[in-house]
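Open the model in your viewer and keep the selection tool handy. We will go from one residue to its neighbours, and then to the place where the chains meet.

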2 protein chains.
Amino acid sequence: MELLKERILKDGTVRPGQILKVDSFLNHQMDIDLINEIGKEFYRRFEGQKITKIMTIEASGIGIACITAQYFHVPVVFAKKAQSKNLDGDLYTTKVQSYTHGKVYDVIVSRKFLSPEDHILLIDDFLANGCALLGLIDIVKSSGATLEGAGIVIEKGFQPGGQAIRDMGIHLESLAIIDSMTEDSLTFR
Amino acid sequence: MELLKERILKDGTVRPGQILKVDSFLNHQMDIDLINEIGKEFYRRFEGQKITKIMTIEASGIGIACITAQYFHVPVVFAKKAQSKNLDGDLYTTKVQSYTHGKVYDVIVSRKFLSPEDHILLIDDFLANGCALLGLIDIVKSSGATLEGAGIVIEKGFQPGGQAIRDMGIHLESLAIIDSMTEDSLTFR
């Protein structure tokens, strides 16, 4: 998606440790006009597939998922990051490791909101090692729902998550895939 | 807002401890058509005021803020809940007590995204004791931006947050104000 790539080049900054900061338009401040174009592009890429719900994970996926859901006319379900003490029996749960913070956390979705009749599109802002997305895939499988695909705004193509998910046969659409980046240069696939 | 009140009566459930569960349409699963109507209603109530940014707090405010921002044609900034070790000098910070979990957490916003030229509309899903909203107000004041008002989807009118914020002279618009609720009945103001 050219508009997105141009924006990453214009306003993104690369920090030590292969961190890409896009917090001026994507995941702290959000440029709603751009996110609308992102939502339209996800719709174009998954149009024709039967989708009954969009699922994401808090926090930065939620806004993108909600704007995108307007084009599909379906509800959004967002998975919550929870501490174990809050869990009860009516939940799908999985564990996700955060590479940024090094912690393992529980991810939960109420069983009420996923059923075997659902066809799920996963949406998230970033895909790097794939831990969060693999957690969501695990929850969809537990529910018996059909996973129709995953839409990612920015994939770090030099980290293994994207390949792992494509190798599972999942329809993955990343709007910008970064193959390499340093503080001075950034190359898209 | 009648559509919202009807939905609360139809799909909301009251749990012991004055907990109102609206997770089937507002803050876990999100009915995007309803949230669009909520966004339009916020626009109607704040139309004519100069608004340059919508600000909310993760996680459940983000989707509502993003949908609402489409009507105002402004960006969204969402405040993050952070642990102190993640803080650095380029942030506005405040402390917020969670009445649900009893914990005090830091709320942060990058200084890049709030300036004295900004006119801010705060948006959130719930207002009860007002701790989260007072934290956001504190951040807006620190930045020198102008606070134009706060839009809340559901206010628990029997808890003190709404009155405290109105007493500060802030333009507060709550789309549904609950004056009392038990497991059998729920009364709107």
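## Stop one: a strand residue

Start by selecting Leu121(A), which sits in strand β8 of chain A, residues 119-127. Keep in mind that this is a predicted model. Across chain A the pLDDT averages 94, and 95% of the residues score at least 70.

Is Leu121(A) buried or exposed? Leu121(A) is buried, because 28 other C-beta atoms lie within 10 Å, and 20 or more is the cut-off for that label.

Now show its contacts. Leaving aside residues up to four places away in sequence, Leu121(A) touches Phe46(A), Ile51(A), Ile54(A), Glu148(A), Gly149(A) and Gly151(A).

## Stop two: the nonpolar core

Next, select Leu136(A) and Cys66(A), then Leu136(B) and Cys66(B). In the largest nonpolar core, which has 112 residues, these four touch the most other members. Zoom in on Leu136(A): not counting residues up to four places away in sequence, its contacts are Met55(A), Ile57(A), Ala79(A) and Leu122(A). As a general point, nonpolar side chains tend to be buried together in soluble globular proteins.

## Stop three: where the chains meet

Colour the two chains separately and look at the contact between them. Chain A brings 25 residues to it and chain B brings 23. On the chain A side, the elements giving two or more residues are β3 (29-30), α2 (32-46), α3 (61-72) and β5 (76-82). Which element gives the largest share of that side? Select α3(A), which supplies six residues. Colouring that side of chain A by class shows 13 nonpolar, seven polar and five charged residues.

Then move to β5(A). Two bridges join β5(A) to strand β3 of chain B, residues 29-30, and the two strands run antiparallel. To see one pairing, select Val77(A) and its bridge partner in β3(B), Gln29(B).

## Last stop: the whole pair

Zoom out and superpose the chains. A rotation of 180 degrees, with 0.0 Å of shift along its axis, places chain A on chain B with an RMSD of 0.0 Å. That is the relation of a two-fold axis. The same surface serves both copies, as 92% of the contact residues of chain A recur in chain B. For the complex, the predictor gives an ipTM of 0.95 and a pTM of 0.96.

Methods
Residues are numbered from 1 along each chain as its sequence is written. Chains are lettered from A and ligands numbered from 1 in the order in which they are written. This is a predicted model: local features need pLDDT of at least 70, side-chain atom pairs count only at pLDDT 80 or more; totals for chains, interfaces and linings use all residues. Two residues are in contact if their C-beta atoms, placed from the backbone, lie within 7 Å. Helices (H or I, at least four residues) and strands (E, at least two) are DSSP runs, numbered from the N terminus. Ala, Val, Leu, Ile, Met, Phe, Trp, Tyr, Cys and Pro count as nonpolar, Asp, Glu, Lys and Arg as charged, and the others, Gly among them, as polar. Two strands pair if DSSP finds at least two bridges between them. A nonpolar core is a set of buried Ala, Val, Leu, Ile, Met, Phe, Trp, Tyr and Cys residues joined through C-beta atoms within 7 Å. A residue is buried if 20 or more other C-beta atoms lie within 10 Å of its own, exposed if 12 or fewer, and partly exposed in between; C-beta atoms are placed from the backbone. Copies are superposed by least squares on the C-alpha atoms of residues with pLDDT of at least 70 in both. pLDDT is the predictor's confidence in each residue, from 0 to 100.
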